[in-house]
Amino acid sequence: MAEEDQIIETVDENGNVVKFELFDIVEVEEQEYALLLPVDDEESDEVVIMKITNDGEEYIFETIDDDDEFEKVAKYVESLEEEE
C-alpha cells in the first residue's frame, strides 16, 4: 500500500497559496527542517527547505531568513545526497 503524499500549503510573499509535497524532514543542531518539492511545478527538481516549529499540536513551516542557517542546512542536505 502506497504511503499517502503529505501536501503542505504555504502562502508566499505575494499572498498566493503554494502547495508542496513533504519529501523528508532532517534535523540540524536540534532544529527540524522540511525538504519540500513544489507540487504545481513538476518540471522542477528544486527542493525547498523550510524550518519547522511546533506550536502545540500544530506544525508551522517558516522560511529561513538567516543566510548562515540556510547554508548550514543546505550543506547538510547536499552531504546526504552525496551518500546515496
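Which residues make up the largest nonpolar core? Hi everyone, let's start there. The nine residues are Val 26, Val 28, Tyr 33, Leu 35, Ile 49, Ile 64, Val 73, Ala 74 and Val 77. By nonpolar core I mean a set of buried Ala, Val, Leu, Ile, Met, Phe, Trp, Tyr and Cys residues joined through side-chain atoms within 4.5 Å. Buried is under 20% relative accessible area, exposed is over 50%, and partly exposed is in between, with a 1.4 Å probe and protein chains only.

A quick word on the source: this is a predicted model, where local features need pLDDT of at least 70 and side-chain atom pairs count only at pLDDT 80 or more, while totals for chains, interfaces and linings use all residues. Residues are numbered from 1 along each chain as its sequence is written, and side-chain values use heavy atoms, leaving out hydrogens and water.

At least two of its residues come from each of β2, β3 and α1, and α1 gives the most, with three. These labels are DSSP runs numbered from the N terminus: helices are H or I with at least four residues, strands are E with at least two.

Now for the charged pairs. How many salt bridges does the structure hold? There are three, counting a side-chain nitrogen of Lys or Arg within 4 Å of a carboxyl oxygen of Asp or Glu.

Let's take Glu 69 with Lys 51, where the closest N and O atoms are 3.2 Å apart. Glu 69 belongs to helix α1 and Lys 51 to strand β4 (residues 48-55), 18 residues apart. Are these two buried or exposed? Both Glu 69 and Lys 51 are buried; for Glu 69 the relative accessible area is 15%. Helix α1 itself covers residues 67-83. Leaving aside residues up to four places away in sequence, Glu 69 touches Tyr 33, Lys 51 and Ile 64, where contact means heavy atoms within 4.5 Å.

Next, Lys 72 and Glu 29 pair up at 3.0 Å, N to O. Lys 72 sits in helix α1 and Glu 29 in the loop between β2 and β3 (31-38), so this bridge ties together parts 43 residues apart in sequence. Lys 72 is partly exposed at 35%, whereas Glu 29 is exposed at 62%.

Finally, Glu 9 bridges to Lys 19 at 3.8 Å between the closest N and O atoms. Glu 9 is in strand β1 (residues 7-11) and Lys 19 in strand β2 (residues 17-28), 10 residues apart. Lys 19 is partly exposed, at 36% relative accessibility.
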